[in-house]
Amino acid sequence: MSAHAEHHHHEEDFLFKYVFSQDHKMIAKQFLVTGFTMGFIGMLMSTFFRLQLGWPGKSFPILETFMGDWAPNGVLDPDKYLALVTIHGTIMVFFLLTAGLSGTFSNLLIPLQIGARDMASGFLNMLSYWFFLTSSIIMLYSLGVEGGPASAGWTIYPPLSALPQAIPGSGTGMTLWLVSMSLFIVSSLLGGLNYIVTIINLRTKGMKMTRMPLTIWAFFLTAILGVLSFPVLFSAALLLVFDRSFHTSFYLSDIYIAGESLGYEGGSPILFEHLFWFLGHPEVYIVLLPALGLSSEIISVNARKPIFGYRAMIGSMMAIGFISFIVWGHHMFMSGMNPFLGAVFTFTTLLVAIPSAVKVFNYLTTLFKGNLVFTPQMLFAIGLVSTFISGGLTGIILGDAALDINIHDTYFVVGHFHIVMGLSAIFGMFAGVYHWFPKLFTRMMNNKLGYAHFWITIVCAYGVFLPMHFMGFAGMPRRYYDYSNFPMFDGTLEIGEIISVFAIIAALGQVIFLINFVYSAIWGTRAPKNPWNSNTLEWTTPVEHIHGNWPGEIPEVHRWPYDYSKPGKELDYVPQTVPLEEGELDEGNHH
Amino acid sequence: MTKFLIIVTGILGLAVVFQILRTFQLAAKLRGKNDWEVTDHENKTQALMMPIFMVFFFGFVIWQIMRWGHLSLPESASIHGEETDMLLSVTWWIITPVFFITHILLFYFCYKFVYNKDRRADFYPHNNKLEMLWTIVPTIVLTCLIIYGLVTWNKIMTPIAEDTDHVLIELYGKQFDWTARYAGEDMRFGDANTRRIEGANVLGIDSADVNAADDKIVKGEFHLPVNKPVQFVFRSQDIIHSAYMPHFRAQMNCVPGMKTQFNFVPKYTTAEMREKVGNPEFDYLVLCNKICGAAHYNMQIKIVVESQEDYDKWLAEQATFIASNEVAPVQPEKPAVIEAEAAAPTLENDSTKTE
């Protein structure tokens, strides 16, 4: 009898430890694995449509093997091409780079780096994950419904997304997209509120705001952006649901399609565009800021040198976050909104370049006269600086309304945002995984595979996205299924092929990461307590995960986190828990 | 079956790879090392990879410019396009050096300051002067760019004054083709609403509207006179399309329920442009540039730019709305909401109205 009870108790333990866990470290792992799973699916989709784009109309039996009647005789169906593009974008932006990135590292690092036993509300944190998982499952389920998944582009502009007559994906598929994204927004809000409250209330003794690592600053600002902007997407989606299901006219007016006039009156799709991009643009920084935070920390640790301009780094992240709320109109220069607004948004958009430039120069100065250890995470962080420069600079072209006229919605845009947002964010995420893997899985990753992964990824990533700028200057619109109807694009055929080859190699390169990840998580070498000789608090916790993070008292913090190679110290790092010596300056807190 | 084989091969492959990794890990342990620690040799190799990568990276950029530079759109075929092209060149001249210089610094620092256990990094947490420098310099440069850009933008987006001699043309998008409508002698379009779409009246024009009588509707291609301002008005029948005329550096979305506009002056006739690009088959095109469904990728219409005489001759051959629509049932009641200012000859406030 008692043995039975014990057994029962044990089972419950398992369930609550691994499944319905309220421990932030376990939730971080759940976000990471779910996010990466979605990310791999999204990447696979892109290789499938790259086959069509690189070799239009050519039959690839593998497409039929994987996708069945989406690719009859191995040739992708045009409707399903749009479906793939749409779901690829949705998954990558929201599921991988928002939930996967913020969800993993905010959850893992906020309590560990500020010195808290857990999140302010473990229960809400668990709910946040379960909403995210449900939302992921619904999104994947929508792939199989009648008419296919949402196909109106990840921006789901109505009327295309509102009318099943316009595109088959706007039937059940679109409904599920809206349901899935609504759950996603709930997940993001629960997470975001939790992060903000935790950072404000649960810092350990001595952890002033100006002693927080830049990672925490980045997560803090990201959470604020998310909490302020995601509800707007929710309202946009809600009104779209009304238009779709209850024949309201928020976004629709004066429409004749499939042989009948629909009787909508007085709505405007531009309203949707405003609401969508009011989230959509801050979203870019919701994706990017955590990556910038992670890389700041990683570059400083691996350069054995304090991050240059700690306060300027915080200030520029704040500036970027603030400006990100007043630039959304640059996605709409050609939407037909008043040209005066176009002028205003040009002005605010180009301002973003200033804090961005400050960040880049601060990164460079941090590397200058450092003592650089090239761990895989350091390589990815350096890769991030490179992509942030390359992609950021072309943003100066796109943000200028007069120049946007001719490259709006062309491949130039695709190249730009994939480099500055996609690559920078995913590089930051990879860097974070390599760096904090010991905190996630108590084991180390193999660095040789890490090197191979980095070099294949950066070479192929540039190989994919740099040539797209040339397609943009040739005037090639994005989201075309086939360009061979246009003699003016004949010359770009070889560009398309080269891009597709790089994309396939890049996808294969990620298998290296996957292998390293799975292998190391299970059989990797045991991690020491502080493998990178880092200053921050997470490395003072025991290697094995324990509930509450520290076995005894939470350590007190006495200094900023970037005392690397400080003169007069024996070691080239001074953990935050070491008290200041007499007369020693606390670097983050004086000028 | 194929799927099954792929899966089995994948699993077996993984097992093999895992075993190899295990071997390496154990071998490292036997040598008293960890497979995750960065050795001196690895550090130096990675540091050396940085400038090597940089050379290939820059080489790739330059190779692309040489190989694909000529694919860029030819010289602008519109007057305002000269200005945007100039603005683009200026912007390139600013960002290209920044691209190269920052990348050179990035990769050079990585190469130069590789880890050395006998050396310490410079403790250099901040420098207000430097930080001010790289806040202020970008601010100045961007201020200039912003002003330059805004002046250009405002010039382009100002509608043509009513008293200027110009062509008034409506471009109407629907899944998946374009229709053009000329305003005719009166320079006014007849009222149109999707509820009146019926039979040959594909634009839903109100035949009772006197302004509609001389409107001319054309499909397949439309013509423009060279060196004369063209005021475009855009409408859509069903979903958002975008009228993209890359050779004229012109684009505007076509939004159901509202009118949008753009104007430009064509500079070269089709024949002249054919000569310039050395392609006797060259044609100006309108492409759809907003995702609009399965055949989005093939939604186009040809533009023919020709001399005023040829244009007049071609236009005279096109039937007026009244002639092509003999059986015109007069609609008794006017749908009230949308029509109010639809007939106004200028469209200045149209886009603000919907904000």
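Domain bounds here come from an automatic or database domain assignment. With that settled, let's work through some exercises on this predicted model.

**Exercise 1. Domains of chain A**

Find how far apart the C-alpha centres of domain 1 and domain 2 of chain A lie, and describe their contact.

*Solution.* Start with the bounds: domain 1 of chain A covers 27-209, and domain 2 covers 533-591. Next, take the C-alpha centres of the two domains, which lie 37 Å apart. Now turn to the contact: domain 1 of chain A supplies ten residues and domain 2 of chain A supplies eleven. Finally, sort the domain 1 side by class, and you get four nonpolar, four polar and two charged residues.

**Exercise 2. A pair of helices**

Decide how α15 and α16 of chain A run relative to each other: roughly parallel or roughly antiparallel?

*Solution.* First locate the helices: α15 spans residues 447-473 of chain A and α16 spans residues 493-523. Their axes come within 8 Å and cross at roughly 155°. Angles over 145 degrees count as roughly antiparallel, and α15(A) and α16(A) are therefore roughly antiparallel to each other. As for handedness, the crossing of α15(A) and α16(A) is left-handed. To finish, look at the residues in this contact: 20 are nonpolar, six are polar and none is charged.

**Exercise 3. Two residues, two surroundings**

Classify A:Tyr562 and A:Ser245 as buried or exposed.

*Solution.* Begin with A:Tyr562, found in the segment after α16 of chain A. A:Tyr562 has 28 C-beta neighbours inside 10 Å, and the cut-off for a buried residue is 20 or more, so A:Tyr562 is buried. Leaving out residues up to four places away in sequence, A:Tyr562 touches A:Ser300, A:Pro306, A:Ile307, A:Tyr310, A:Asn535, A:Glu587 and, from chain B, B:Pro125. Take A:Glu587 from that list: 25 residues separate it from A:Tyr562 in sequence, and their C-alpha atoms are 8.2 Å apart.

Now for A:Ser245, which sits in helix α7 (residues 214-246) of chain A. Here the count is 11 C-beta neighbours inside 10 Å; since 12 or fewer means exposed, A:Ser245 is exposed. Between A:Ser245 and A:Ile320, 75 residues apart along the chain, the C-alpha separation is 38 Å.

**Exercise 4. Where the chains meet**

Work out which helix of chain A gives the most to the side that touches chain B.

*Solution.* Count the partners first: 108 residues of chain A contact 103 residues of chain B. On the chain A side, helix α12 (residues 376-398) gives the most, with nine residues. By class, that side of chain A has 67 nonpolar, 28 polar and 13 charged residues.

Key: Residues numbered from 1 in each chain as written. Chains lettered and ligands numbered in written order. Predicted model: local features only at pLDDT ≥ 70, side-chain atom pairs only at ≥ 80, totals over all residues. Contact = placed C-beta atoms within 7 Å. Nonpolar A, V, L, I, M, F, W, Y, C, P; charged D, E, K, R; others polar. Axes fitted to C-alpha atoms, helices over the stretch in contact; angles between N-to-C directions. Helix = DSSP H or I, 4+ residues; strand = E, 2+ residues; numbered from the N terminus. Parallel < 35°, antiparallel > 145°, perpendicular 65-115°, else oblique. Left-handed = near helix turned anticlockwise from the far one by under 90°.
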